[in-house]
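Trainee: I am new to this structure and would like a close look at a single part. Could you take me through the place where the ligand sits?

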Amino acid sequence: MPSTTGAVLLAVAGLGAAQLTGRGFPDCSQGPLRNNTVCDLSQDPLTRARALIAAFTVDEKLNNTGHVSPGVPRLGLPAYTWWQEALHGIAESPGVNFSDHGPFSVATSFPQPILMGAAFDDQLIQDVATVISTESRAFNNDDRAGLDYWTPNINPFKDPRWGRGQETPGEDPFHLSSYVHSLILGLQGGLNPKYKRVVATCKHFVAYDMESWNGNFRYQWDAHVNSQDLAEYYMPPFQSCARDSNVGSFMCSYNALNGVPTCADPYLLQTILREHWGWTNEQQYVTSDCDSIQNIFMPHNYRSTREASVAAALNAGTDLNCGTVYQHHLPSALQEGLITESTLDQALIRQYSALIRLGYFDGDRVPYRSLSGADVNTNSSQRLAYKAAAEGITLLKNDGTLPMQITSNMTVLIVGGWADATTQMQGNYAGVAPYLHSPTWALNQTGAKVYTASVPGGQGDPTTDSWLPVWNWAPKADVIIYAGGIDNSVESEGNDRTSIAWTGAQLDMIGQLAGYGKPMVVMQMGGGQLDSSPIANNPNISALIWGGYPGQSGGEALVDTITGKNAPAGRLPTTQYPADYISLIPMTDMSLRPNSSSGSPGRTYQWYTGTPIYEFGSGLHYTTFSASIQSPGSTFAISDLMSNCTEHYKDKCPFSTINVNVRNTGSTTSDYVTLGFLAGSHGPAPRPKKRLVAYTRLHGITGGSSSTASLKMTLGSLGRVDETGSKWLYPGDYSLMIDSQPLATANFTLTGNAVCLDDWPQPPAPSKQDSDYFVGGYGSTYDGQVLVDGNVP
Ligand SMILES: O=[N+]([O-])c1ccc(O[C@@H]2O[C@@H](CO)[C@H](O)[C@H]2O)cc1
């Protein structure tokens, strides 16, 4: 038992404040660590990290367990802030300093992931992530950021109300898995680079997709998910991160899963993450979400003391605490024997070996050390931010009015809360952009006469003052654009939506404007979808464009889509449900399949039994396409497929690369997203309507010419998940369909006996303590304090 576990000598600041605790690097040539093996580059990262941690006293170990780590001055180990954010560009966060450094106080601001997801272009995502990691290294070299980025948010966007759905690439688990693989390659600099560019963090593990609904809050919510939905829907993006992309870090979530707060769950953090997915080289760490270890104690009330709560987290495999409870309560947990020093060592070794993989101790040998302000906000990163917005923008309705020239002799009226949007275009987790070009700014570049009105006001605004400019200008306009929808005032962290309809005030204005009978375009902005049927069904509205949160070049990309400079080819990454959908299913219902007894109509395009307003994968073009598919063959014996399968993880074995010839049958040059959906009578009922198994974006197909999409399909993409969560290859009929409204189909049959591709580990039976689990809930009190959102005591 260690003798000294006394007061931790640490002044830890509040969670959200900028905490610039000093960065810099340890000096391995002159500093006190120079003779420690951590400075010996010939050793492997794990050996080096072990040697470093062996030099710490117990107090020094305990001190360095929070996101603000003081380092060890005695050893010349600098303070380090682990918490940086970069969801779509370097973002304001505790470890990032944007304060004035001349032209270098900005970072490229790409669109929110929900819009980049709509591009269905994995190479684009890798390119974007490479710019982010380049800029991150420049910030780090200028001592204005650390090297650990707690991004991406990769929880599937299952419920249209979720305020943070905008942070994700959409609702489909295959799409998310593929997207996140490319993203991590770009952020970290490859699958297994000698030096990672930055550490990426897949969050929030797992089943976190609700902020605040009907008295449930993310800090206390217990998500009940059966093994089938868990393995089939909620887990695949995380499997892609851990097993297939070698991500450097994971973040457990606020919520509990089936009675156990995720940060205290060894089934998740050890059995699934480290054992089943082989995330075992001890060069990666699990961090908590910010204060989610405190939440194990309260409001989850999963353990009766803070000491027991921090011990439950550390022992389960949460190596780092975003917050301060580890630093304040692990000392007594150690003294009470609730944790061992070797478990503490393991957590620290994981943290510091991750830093070693970043070259933290290797001085100028790290190739990224030369990156500087000249590598931030470059011309090419500006072009990429534009491209990312342009590729994601999705055309949902067009009566033939678009594309439409906007020339200097025209008058344009643009109305709505997004008409002059600037920071609004970034959404949340944003940084300081070099510029923010609004739709109005972009229209002004055309030389046309542009009138802007930001009406309407709030839903209950009874005045017509703000309508006057509209009534004045609408009759004179050659084209009317309405730019509105939703933004972070109704969807954000801590804030789920209570309606998925357009507000009456906006529909009133849109209807009035349409009444002028002019060419009229509606831009539906925001991350979550709105029921746009009133716009789709209004014959006086020429076109509907969905623009998400398009980032620094959003205005140009939107206006260029109207004029045809950008030929739209984005596809909806989520289902657009009718407005009454949310009255049929509670946010807390985690099941995907429709259920006649609960009344659930099912979730996502795979299981929703109703008719969507616009389905997942919708998106029009300024041209037309045809497709022909090369058949992979008609019949396959499962035994043959398996005997050719040499991968350790059987679901990764290739099935076939299927070539799809896509022909532009119109005259406008355009990209085309080739979506491959699988359906058929294989595996047990109920069966999904279809599921995405492959996609590729083809670029710049000129009118009359063709391009080939190679859709790589694995055995896993054919597999289906049973009720225990295991994935099987089943005999039966399969149809691979190209596009949402199929342009081509290939049918084939698998014969023989079903074979298990992935034997899912079963959760343990609830322990006595787990069954004592009690959710306190917000609005309840603890120690006389009322628990309120954003104020977890
Ligand atoms: O106290 N704060 O300032 C604060 C700020 C953000 C916050 O959200 C959490 O922090 C992010 C860490 O990456 C997670 O994605 C999110 O769930 C939680 C707490």
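Mentor: Happy to! Let us start with Arg-218, which has a polar side-chain atom 3.1 Å from an oxygen atom of the ligand. That is a polar contact, meaning a pair of N or O atoms within 3.5 Å; within protein, one must be able to donate a hydrogen and the other to accept it, and residues adjacent in sequence count only if both atoms are side-chain atoms. Taken alone, the ligand exposes 440 Å², and the protein buries 81% of that (accessible areas come from the Shrake-Rupley method with a 1.4 Å probe, and for residues only the protein chains shown count as cover).

A word on the model: it is predicted, with pLDDT of at least 70 needed for local features and 80 or more for side-chain atom pairs, while totals for chains, interfaces and linings use all residues. Residues are numbered from 1 along each chain as its sequence is written, and side-chain values use heavy atoms, leaving out hydrogens and water.

Back to the ligand: for Lys-203, a polar side-chain atom lies 2.9 Å from a ligand oxygen atom, and for Arg-164 the distance from such an atom to an oxygen atom of the ligand is 2.8 Å.
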